[in-house]
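Let us read this structure together, one feature at a time.

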Amino acid sequence: MKARAATRRAVLTVALVALVAILVLVAPRALEGLWTTSGEPSAPPAPSGPPRFAAVSYMSALQARGRIRVGTRDGDPPFAARDTGGARSGFEVDLARELAKRIYGPRQDTDSVIEWVSVTTSTAAGALGGGDVDVVIAGLAAAPPQTGAEASPIELSDPYFVTGERILVKSSNDEIKELPDLDSRTVCYQRGTVVGDDVQTANAFAKVLPLDSYASCLEALRQGQADAIGADELTLWSLRSKDPETKLVGRYVTSERYGVGVKRDSGGDRQGFLPFVNTFIADAVRDATWARLYAQDITPVSGDRKSAPAP
């Protein structure tokens, strides 16, 4: 009995040694890619390859062509800019790159599937209507819808950015937060500026200081000759960059909604494209891509953070 027990223990010992040897050889391979060299879990591999679209869709046609032509501006930071070497940057440029990823899949050099075309707000519609570009992301503001013979040959997506007129005050000013707070205060505007109805109503209770330039308004604010500056948000960003001791306050008192421009579908030549772009914008907001691009490109200028286009 003792001999039989000893034999059994010997067999078990050999089996355990063999099992440990197998685990030593196999386990590292089984866990390969799940852990970094520092011992921390690594991120799961990113999905590869382009998504699949219906063969009749415009997205499928873009995949077949191998590139998307994007109309964008050359010198309007923080939305879009091009340096002397031709490299493009800015919120709208980066948004276009994200759009390209949704069509062609993730890649190391997204610009390899983008053909950049320089446009302005006045040339964008012609570039789209003439088929020179597939999309325009260049600060196109939504206009009242038209039908019939007056219908525009282009369509705009849901807004990817909302801006408008706001108020700039000194950073130390905690009394002015909204339009009603301008009552009996002095508000500086550039002479000849067209302001919205809400601002005009507020001006009935405020003292208006019209000057020849917004640079003069900024100096008046510094010297205490004005309590606030009223202007479109983009102008106020520029002023704030010149004087970091200022801040933007209040909700938008006028609203301008920027949309991605696409050619209107005619006979199925842009089938499914506008709904695709709208879904892309909604997804970018939902998965925080929009917030990341805003923080990356606009926050350094605006000094605030947002997670969605809506104010």
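The dialogue below takes up confidence, then a sheet, then a pair of helices.

Q: What is the mean pLDDT of the protein, and where does pLDDT stay under 50?

A: Where pLDDT is low, the predicted coordinates should not be read in detail. This is a predicted model, with a mean pLDDT of 83 and with 77% of its residues at 70 or more. Residues 22–46 stay under 50, and for them the model has 10 contacts beyond four places in sequence. Over residues 145–150 the pLDDT is likewise below 50, and that stretch has 2 contacts in the model beyond near neighbours in sequence.

Q: What is the order of the strands in the open sheet, and which strands stand at the edges?

A: The open sheet has 3 strands in the order 2-3-4, and the pairing is antiparallel. Strand 2 (75–76) and strand 4 (88–89) each have a single partner strand and stand at the edges, so one side of each is left without a neighbour in the sheet. Strand 3, residues 80–82, is joined to strand 4 by 2 bridges, and Arg 82 stands opposite Arg 88 in strand 4.

Q: At what angle do helix 6 and helix 7 pack, and which residues make the contact?

A: Helix 6 (residues 214–223) and helix 7 (residues 233–242) pack at about 55 degrees, their axes being 11 Å apart, and the two helices are therefore oblique to each other. The crossing of helix 6 past helix 7 is right-handed. Tyr 214, Leu 218 and Arg 222 of helix 6 make the contact with Thr 235, Leu 239 and Lys 242 of helix 7, and these residues divide into 3 nonpolar, 1 polar and 2 charged.

Terms used. Residues are numbered from 1 along each chain as its sequence is written. This is a predicted model: local features need pLDDT of at least 70, side-chain atom pairs count only at pLDDT 80 or more; totals for chains, interfaces and linings use all residues. Side-chain values use heavy atoms; hydrogens and water are left out. Two strands pair if DSSP finds at least two bridges between them. Helices (H or I, at least four residues) and strands (E, at least two) are DSSP runs, numbered from the N terminus. pLDDT is the predictor's confidence in each residue, from 0 to 100. Contact means heavy atoms within 4.5 Å. Axes are lines fitted to C-alpha atoms, for helices over the stretch in contact, and angles run from 0 to 180 degrees between N-to-C directions. Angles under 35 degrees count as roughly parallel, over 145 as roughly antiparallel, 65 to 115 as roughly perpendicular and the rest as oblique. A crossing is left-handed if the near helix is turned anticlockwise from the far one by less than a right angle, and right-handed if clockwise. Ala, Val, Leu, Ile, Met, Phe, Trp, Tyr, Cys and Pro count as nonpolar, Asp, Glu, Lys and Arg as charged, and the others, Gly among them, as polar.
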